[in-house]
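Student: I have a structure to read and I am new to this. Can we go through the helices and a few single residues together?

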Amino acid sequence: MEFGPVPVRDATGAVLAHSLMLEGRRLRKGRVLAETDIAALAAAGIAEVTVARLGPGDVGEDSAAGRIAAALAPAPAEAGLRLTEPFTGRVNLHAERPGVLGLDRAAVDRLNALDPAVTLATLPPLARVTPGMMVGTVKIITYAVPGDVVARAERLADAALTVHPVTLRSATLILTATPGQPDKLAEKGRRAVASRLDALGIALLASPLVAHCTAELSAALAAAEGDLVLVLTGSATSDPNDVGPAALVAAGGRLTRFGMPVDPGNLLFLGGLGGRPVIGLPGCARSPALNGADWVMERIACGLAVTDADIAAMGVGGLLTESPARPHPRDQRPG
């Protein structure tokens with residue numbers, strides 16, 4: 001590709017590098033100059049323009065962006081994605097369904113290492129997405145790139161993006177109350193969790209409130225319906241033998257994880273009962289602010305396994321924004 005100033009008379013078919021105003025009409029940067037444009041430029045007394053001229057084998061920015069985006073999602077409907085039309089060397093990829101973003105991190109890294117003119121920016125892996133949300137953008141920096149670079153980028157892209165759909169459709173939320181606990185605390189938690197489920201398209205079937213004791217919570221767990229069971233206790237779970245985990249085991253379930261390296265969200269527990277996942281939510285789930293339980297619940301809602309190794313790996317990036325409503329801010333000791 002050639003780039004630089006040329007006489008206007010020689011600019012037909014070249015790409016305009018800088019926007020120009022001609023008697024109230026704007027010739028935009030990136031425009032392929034036609035004969036009518038050349039005549040208008042000459043009539044305006046402009047003798048020279050800066051242009052880019054594609055060489056043999058070069059692929060224009062829009063075509064290159066379109067091809068690479070198509071390679072990232074060769075079957076966009078199946079991947080839950082929508083691709084925009086190329087414009088100024090850019091194609092955006094939007095989610096078409098709720099879920100979490102699946103991506104091949106190694107493929108994205110190799111693609112971005114291929115040539116500085118070829119770029120792909122995405123949301124983080126397994127980020128929760130909603131319909132219409134932009135999940136990635138392909139941008140070609142220059143007006144064109146060599147055809148062999150585009151071809152290599154297509155091979156590297158290799159269906160690297162998808163939206164994992166929500167596979168669970170219903171849930172029960174069990175809340176517990178300690179003696180003297182105000183009713184509004186349980187209702188606050190119910191509203192916050194219901195909002196999270198609604199964003200995922202999961203119906204909240206029931207939200208019983210029981211006493212904060214192993215026997216009552218165990219009975220509620222055994223009676224719970226739906227694809228997912230959530231527990232939000234009135235008192236923080238501080239040990240694997242505490243009321244929440246103990247009730248899960250007493251109901252015939254299994255405890256697979258207690259605690260996570262995400263703050264807020266440390267006091268989560270995870271397990272299963274009757275083939276269904278059970279998530280013990282930390283107290284911070286009463287707030288709509290992001291916490292570690294969101295990451296676990298979103299993945300499970302999409303049918304993805306969440307292992308000990310997965311949770312352990314959440315520590316990097318797991319220091320989340322401090323909520324001003326937090327009872328014990330990180331930098332303050334309780335009085």
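Student: Which residues of α7 meet α8?
Tutor: Contact means heavy atoms within 4.5 Å. Helices are DSSP runs of H or I with at least four residues, strands are runs of E with at least two, and both are numbered from the N terminus. Here Thr214, Leu217, Ser218 and Leu221 of α7 meet Val243, Gly244, Ala246, Ala247, Leu248 and Ala250 of α8. By class, that contact has seven nonpolar, three polar and no charged residues. Ala, Val, Leu, Ile, Met, Phe, Trp, Tyr, Cys and Pro count as nonpolar, Asp, Glu, Lys and Arg as charged, and the others, Gly among them, as polar.
Tutor: A caution on the source. This is a predicted model, where local features need pLDDT of at least 70 and side-chain atom pairs count only at pLDDT 80 or more, while totals for chains, interfaces and linings use all residues. Residues are numbered from 1 along each chain as its sequence is written, and side-chain values use heavy atoms, with hydrogens and water left out.

Student: At what angle do α7 and α8 cross?
Tutor: Axes are lines fitted to C-alpha atoms, for helices over the stretch in contact, and angles run from 0 to 180 degrees between N-to-C directions. The axes of α7 (residues 214-223) and α8 (residues 243-250) cross at roughly 55 degrees and come within 8 Å. The two helices are therefore oblique to each other. Under 35 degrees counts as roughly parallel, over 145 as roughly antiparallel, 65 to 115 as roughly perpendicular, and the rest as oblique.

Student: Which hand does the crossing of α7 and α8 have?
Tutor: A crossing is right-handed if the near helix is turned clockwise from the far one by less than a right angle, and left-handed if anticlockwise. α7 passes α8 in a right-handed crossing.

Student: What about α6 and α9: at what angle do they pack?
Tutor: α6 (residues 183-200) and α9 (residues 292-301) pack at about 40 degrees, with axes 11 Å apart. Arg196, Leu197 and Leu200 of α6 make the contact with Asp294, Met297, Glu298 and Ala301 of α9. That contact has four nonpolar, no polar and three charged residues.

Student: Which residues of α4 are buried?
Tutor: Buried means under 20% relative accessible area, exposed over 50%, and partly exposed in between (1.4 Å probe, protein chains only). In α4 (residues 105-114), Ala107, Val108, Leu111 and Leu114 are buried. They span an arc of only 120 degrees around the axis, which puts them on the same side of α4. The arc is that of the directions from the helix axis to the C-beta atoms. Arg105 and Ala113 are exposed, on the face turned away from the buried side.

Student: What do the buried residues of α4 pack against?
Tutor: Their partners are α2 (61-72), β10 (118-122) and α5 (147-157). In α5, Val149, Val150, Ala153 and Ala157 are buried. Those fall within an arc of 100 degrees, so they line one face of the helix.

Student: Where is His164?
Tutor: His164 is in strand β14 (residues 161-165). His164 is partly exposed, at 25% relative accessible area. Beyond four places in sequence, the residues that His164 touches include Pro98, Leu126 and Cys302.
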